[in-house]
Amino acid sequence: MKIILTFFIFVSIIFASNKPDNCITCHKDTTPIDNFHPYSEFGCASCHGGNKDALDKQKAHKNMVLNPSRLEHANMFCGKCHKDIINRVDKSIMNDMHGVLDVLRFQFHETKTIQKTQGIKDLKNIPTNKQSLAEDHFSKLCAACHINQDEKIFKNSSYTPRGGGCVDCHRVEDVKKLGVKNNKLKLKHPKLSTKIPSKNCLKCHNRSNRIGLSYFGKFESEGYGTPYKNGKLTNKIDKGRYYYELPADIHHTSAKLDCIDCHTEVGVMGDGKHHAHMEDAVDISCKDCHDAKFKDASKFGLSAMLSAVNGSVSFAQKVAITSKKQTPLYNLQKNGEKIEFFRKIDGKKFDITKMSDKEYHKSKNHQRLDCTACHSSWIPSCYGCHEVYLKNGKQYDWIKHKATKGKWMELRSYLRYESPALAVGYNEKIMPTAPGCQVITSIYDKDVTNDGFHSFAYAAWDPHTTQKQSRSCDDCHFNPMSLGLGEGILDMKKDKIVFQPFYQSQKSGMPISYPIDALVSKEGKQFQSFSRQKARGFNQKEVKKIVEVYKCIVCHNTWDDKIYKDFKTSKKMFYDKKTSCSKEILND
Amino acid sequence: MIKVLFLLIPLFLFGNECIKCHPNKMEQCKKSNHFTLKNSINITRKVWGIKNSDVTLQTLPQSKLKIQSLKDLVDDFLRRKCLKCHLTSKTINKTDNLCLACHNSHTNKYDAKKAIPTQAKCLKCHNNNFIGTDYLGLFPHDFDKAYRSPITKDGKYPPRPYGIDFHHLNADIHYELGMSCIDCHKNNKNKKWEENISCKSCHKNLSQQNHKEYHNKLSCNACHSAWSISSYELNVLRDDTPNYKQWSRLKVQEDKYLEKFLKKALKSKQQIKPIMLDWIDEKLKDGIWYSGYRFRRWENFFLVNSDDGKIKIAQPRFQYRISYKNKDGKMILDDVYKQNGSKIEAFLPKEPHTITKQSKSCQMCHENKIMFDKNLIYKGMLKGKVLKGSPLTKEQLDKMQSNRYKLERAKSLF
């Protein structure tokens with residue numbers, strides 16, 4: 001309470017000189033924005049500009065800004081108080097999407113390494129005919145989603161409006177005209193909040209790696225729109241896209257957590273650095289909650305501020321901090337000896353499961369595993385992305401906001417979600433992966449058709465399909481899909497790995513000599529690339545080492561089995577024929 | 001030229017010309033499942049709730065005009081959605097001669113070889129989901145127009161035999177070696193052609209090492225087939241109203257008639273009446289049958305006991321979800337997938353024709369996540385009835401994960 005009061009006094013001092021705006025002469029019954037921007041303190045003009053002293057509509061509205069939260073205005077208006085945030089947001093990937101463009105250029109063989117650009121900001125001034133293929137692809141298919149997109153362009157479209165600056169995320173109720181009474185327009189002002197509902201995030205995060213869908217147990221399907229209900233296709237995402245239900249993330253099923261319950265203010269809005277990739281921007285990691293480190297909250301003004309603004313999560317002296325950027329998790333608190341987690345949207349309290357210190361988490365053999373490698377139950381995988389480019393076609397450009405020359409069509413081979421392939425991810429830890437992206441292009445120019453280029457890549461990410469129950473031992477140690485070999489028959493005969501893949505890429509018309517779902521060969525040859533420097537599929541030594549363990553797993557298929565306490569010694573004992581089973585097995 | 005015409009005349013004019021030399025064949029043919037399609041018809045009717053169904057293509061009742069239940073609808077479904085392929089169908093055999101559906105014509109005993117059914121003839125029907133195209137390594141694409149891929153080198157959509165886009169998986173080793181259907185499925189006077197064939201009739205000397213006693217009950221195919229086609233949840237809808245717009249991305253439903261119809265209906269400014277062919281009497285009748293799956297897979301399988309005493313691979317195929325919308329737009333049946341408390345589904349023991357030299361590895365069955373219901377994603381999905389067989393018993397499943405298995409498996413690995 002004290003903090004809120006201090007905050008209000010602070011605000012009042014800044015705006016103390018403001019006389020009440022004359023705007024209310026006409027806009028008398030406008031509904032409040034939130035608890036923190038009362039009209040009595042801020043008036044209207046401090047956010048919207050215009051001439052607050054005028055009584056005439058035309059004069060009053062001169063130089064007024066309808067949406068001050070668009071980033072080109074925000075510095076002038078929101079920036080009076082939130083300058084730091086606006087500077088950070090300006091550099092974030094959600095604003096200019098540079099990460100997407102940079103990877104695309106690399107994947108389209110236009111740059112040899114990933115080079116940081118300014119994304120959308122760079123492309124604004126390049127005429128269409130001067131754009132490279134990757135840039136044109138980006139403008140036509142990717143650039144619809146960024147927080148400063150112009151909301152008006154979504155009129156009469158089946159897509160959810162996106163963009164608008166700060167309000168893209170922070171608006172929880174839209175603006176509405178409630179009618180005109182006595183010549184006075186009654187407005188429902190957009191309600192702003194830091195309790196951002198997940199549906200705001202989902203406006204954009206439903207494509208590409210589809211985290212926003214997967215978390216809620218939705219898998220973008222093959223497009224059948226089944227089951228049919230009332231004679232109609234069901235389970236629609238948007239135009240031509242459908243889903244079916246799979247097990248949702250445990251954080252959703254057990255506690256209905258929203259995106260913001262994990263993702264921090266700094267992780268989402270940026271830390272002021274111009275990061276190359278999303279994973280560098282993200283702040284949170286599993287261990288930050290499940291093996292939390294606490295700090296005195298008084299060291300972070302931010303923690304107090306955030307819980308004050310949230311209103312449902314009360315302030316605590318000891319809060320958890322993220323390991324990556326050392327920012328406070330104000331909703332994970334230590335009160336006495338008790339560790340309590342609060343849901344941000346309503347302040348509901350949850351006990352948090354501490355990561356167990358059992359053998360499977362402690363073992364040296366599994367230290368390279370990211371939590372997601374075992375705990376992700378499925379991953380949306382889209383094989384074969386066939387990009388068709390019609391040079392003389394026309395398509396809407398999401399940056400220039402008009403149809404320009406060049407049209408893209410996307411075709412695909414098939415979808416899967418079972419047994420995510422494992423590989424060394426961007427953080428050099430072992431993570432689930434899926435195709436991202438396997439590009440084959442066909443370029444049409446007048447009536448000539450050309451062979452385009454192809455570029456097959458995988459990507460590692462946290463699929464947000466976490467389950468408490470991890471994958472079984474054999475699901476990783478002897479499953480060709482998990483090893484990155486692709487679907488097929490895997491066997492081992494006298495220490496030799498044999499593998500018969502199923503998919504015949506060349507016969508299926510692909511320009512590649514390996515199965516489409518093979519990231520590596522059993523000899524560790526890397527068939528497909530990654531768009532991150534450190535990421536790669538398993539090498540020969542790793543494949544062999546992983547499969548080797550399966551020999552023991554056949555009988556010893558639980559982690560509490562004593563042979564895993566000291567696996568090295570156990571193995572030695574086995575080969576020295578000092579164990580009960582070794583005599584029988586090795587003598588044969 | 002004149003000679004050729006002269007030779008062809010009898011075939012086109014007199015459908016029974018063949019009988020002159022092969023007097024018994026027609027009788028034999030008329031008893032065969034190829035002619036009566038008894039199996040497919042009665043299985044479907046049974047799954048949809050008709051008890052003791054025993055009809056043939058020739059005695060299958062006409063579609064009912066008033067439909068109130070699944071039983072009323074099933075014959076219409078069969079006539080207009082399933083039974084596209086039969087020996088007397090105009091799409092399969094353009095002549096009046098029944099024999100020519102499978103055989104090519106020949107004129108005397110010296111060119112009799114010409115009449116041997118070619119693989120292409122068999123595949124005219126056996127081209128989807130069941131046995132047939134799997135022998136060639138083909139697996140159907142999904143329906144949505146995004147799956148018309150990849151574009152060929154000359155910039156065209158990929159070729160679509162039988163109206164279906166295909167993935168190429170590894171083909172059957174017998175196909176790779178140049179054998180066609182008829183090399184195994186030979187004619188034998190004493191037996192029905194279906195019962196005619198077994199692996200052992202050719203592969204007489206099996207190595208003892210891998211063919212141990214405890215695997216005696218397995219069909220060869222259970223281990224030696226690489227992959228099989230599983231279709232999860234076949235959703236079917238008969239819509240008697242002109243509601244085409246929602247199918248604009250789903251025009252290809254492995255049915256050339258429907259594809260052509262939808263193309264026309266979606267383009268036309270006038271409203272086109274929803275009519276579809278009855279494949280048996282070849283008349284156009286009210287309503288369109290649409291279909292779609294939940295998903296299809298080639299990598300999953302599970303084992304069941306077959307009535308012939310063997311353990312075989314089961315294919316999920318008949319997991320129906322059924323809807324019917326009548327002319328007035330009323331839903332008579334709306335996504336019905338249960339009947340008398342149990343799901344409208346059944347699994348059939350099958351022998352996928354996807355033999356590879358390398359047989360399945362032990363854990364693919366013994367630690368099969370679907371069979372042991374351990375896979376979170378497929379949990380409980382495949383618990384349906386088994387037709388012409390029964391699910392593996394608890395005893396059998398326990399045996400598969402017994403210590404004996406573990407020991408034998410470990411021995412094979414070290």
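Trainee: What makes residues of chain B and chain A count as being in contact, and how many are there?

Mentor: This is a predicted model, and two residues are in contact if their C-beta atoms lie within 7 Å. By that cut-off, 55 residues of chain B are in contact with 57 residues of chain A.

Trainee: Which elements build the chain B side of that contact?

Mentor: Strands 2 (166-168), 3 (230-239), 6 (288-297), 9 (320-325) and 10 (331-336) of chain B each give two or more residues, and so does helix 13 (403-413) of chain B. Helix 13 of chain B gives the most, with 6 residues.

Trainee: What is the split by class on the side of chain B that touches chain A?

Mentor: That side divides into 20 nonpolar, 16 polar and 19 charged residues.

Trainee: What makes a residue of chain A buried, and what percentage of the residues are?

Mentor: A residue needs 20 or more other C-beta atoms within 10 Å of its own. Buried residues make up 43% of the 588 in chain A.

Trainee: Where are the two domains of chain B, and how far apart are their C-alpha centres?

Mentor: The domain assignment puts domain 1 at 2-187 and domain 2 at 222-413 of chain B. Their C-alpha centres lie 20 Å apart, and 37 residues of domain 1 of chain B are in contact with 41 residues of domain 2 of chain B. On the domain 1 side, helix 5 of chain B supplies the largest share, 7 residues. By class, that side has 18 nonpolar, 9 polar and 10 charged residues.

Trainee: How confident is the predictor in chain B, and which stretch has a pLDDT below 50?

Mentor: On a scale from 0 to 100, chain B averages a pLDDT of 89, and 93% of the residues score at least 70. Over residues 3-14 of chain B the pLDDT is below 50, and that stretch has 7 contacts in the model beyond near neighbours in sequence.

Trainee: What are the scores of the model?

Mentor: The ipTM is 0.92 and the pTM is 0.93.

Definitions and conventions
Residues numbered from 1 in each chain as written. Chains lettered and ligands numbered in written order. Predicted model: local features only at pLDDT ≥ 70, side-chain atom pairs only at ≥ 80, totals over all residues. Buried ≥ 20, exposed ≤ 12 C-beta atoms within 10 Å, placed from the backbone. Domains from an automatic or database assignment. Helix = DSSP H or I, 4+ residues; strand = E, 2+ residues; numbered from the N terminus. Nonpolar A, V, L, I, M, F, W, Y, C, P; charged D, E, K, R; others polar.
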